[in-house]
Amino acid sequence: GARRRSCRTTALPSVRVSTLHTAVAADRLTVDSPAWVLLRSRNAATAVALLGAHLTGKDRRLPAPELFERVDEDLVVLREHGFDLPRTARAYCDEWRQDGILVRRPAGDSREETYELSDGALLAIQFVMDLLQPR
């Protein structure tokens, strides 16, 4: 007959327990971490390019209408070069906000809202930019 494996972690060497713990924690991050969510997204390359271009330089926080306008302009260029990006900038930004990639905040002195990158998204974009640098 088939043998049953014991699920007791006390019998496992500490290395295996550590591996199990790391695998479980990393698996959780694939859903909970904005960095991982961004890198796994369908349009990860364009999201990294768009958000990196507009929210990692001197402007780390932008009013929503300004970010939408900038992203919409870039979407036109990307589409002209074969990227399948059928949605509007507002729709992509809403998705990124729901995924924890963007953080929406009220502007201090107006009724407008602002967008900025979450810490995890900034980390993911920096990681990709590092990969793009020649060694």
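**Cavity and helix packing**

Mentor: The lining of the largest cavity is made up of six nonpolar and two polar residues, with no charged ones. Keep in mind that this is a predicted model.

Trainee: Which helix gives the most to the lining of the largest cavity?

Mentor: The lining consists of N43, T46, A47, L50, L75, L85, Y92 and W96. The most, three residues, comes from α3.

Trainee: Is α4 roughly parallel or roughly perpendicular to α5?

Mentor: Helix α4 spans residues 64–80 and helix α5 spans residues 89–98, and their axes lie 8 Å apart. The angle at which they pack is about 115 degrees. Angles from 65 to 115 degrees count as roughly perpendicular. Therefore α4 is, relative to α5, roughly perpendicular.

Trainee: What is the handedness of the crossing of α4 and α5, and how many charged residues has their contact?

Mentor: The crossing of α4 and α5 is right-handed. On the α4 side the contact uses L67, F68, V71, D72 and L75, and on the α5 side A89, R90, Y92 and C93. By class, seven residues of this contact are nonpolar and none is polar, while the number of charged residues is two.

Trainee: Is α3 oblique or roughly perpendicular to α4?

Mentor: The axes of α3 and α4 are 11 Å apart, and the packing angle is about 135 degrees. Angles over 145 degrees count as roughly antiparallel and those from 65 to 115 as roughly perpendicular, with the rest oblique. An angle of about 135 degrees therefore makes α3, relative to α4, oblique.

Trainee: Which residues of α4 make the contact with α3?

Mentor: The crossing of α3 past α4 is right-handed. By class, the contact has six nonpolar, two polar and two charged residues. From α3 it takes T46, H54, L50 and L55, and from α4 the residues are L67, R70, V71, D74, L75 and L78.

Trainee: Is α3 oblique or roughly perpendicular to α6?

Mentor: Helix α6 covers residues 119–132, and its axis comes within 10 Å of the α3 axis. The two axes cross at roughly 105 degrees. This angle makes α3, relative to α6, roughly perpendicular.

Trainee: How many polar residues has the contact of α3 with α6?

Mentor: V48, L51 and G52 of α3 meet I125, V128 and M129 of α6. Of the residues in this contact, five are nonpolar and none is charged. The number of polar residues is one.

Methods. Residues numbered from 1 in each chain as written. Predicted model: local features only at pLDDT ≥ 70, side-chain atom pairs only at ≥ 80, totals over all residues. Heavy atoms only, no water. Axes fitted to C-alpha atoms, helices over the stretch in contact; angles between N-to-C directions. Helix = DSSP H or I, 4+ residues; strand = E, 2+ residues; numbered from the N terminus. Parallel < 35°, antiparallel > 145°, perpendicular 65-115°, else oblique. Left-handed = near helix turned anticlockwise from the far one by under 90°. Contact = heavy atoms within 4.5 Å. Nonpolar A, V, L, I, M, F, W, Y, C, P; charged D, E, K, R; others polar. 1 Å grid on protein atoms, 1.4 Å probe; cavity = no way out; pocket = protein on both sides within 12 Å on 5 of 7 lines; lining within 4 Å.
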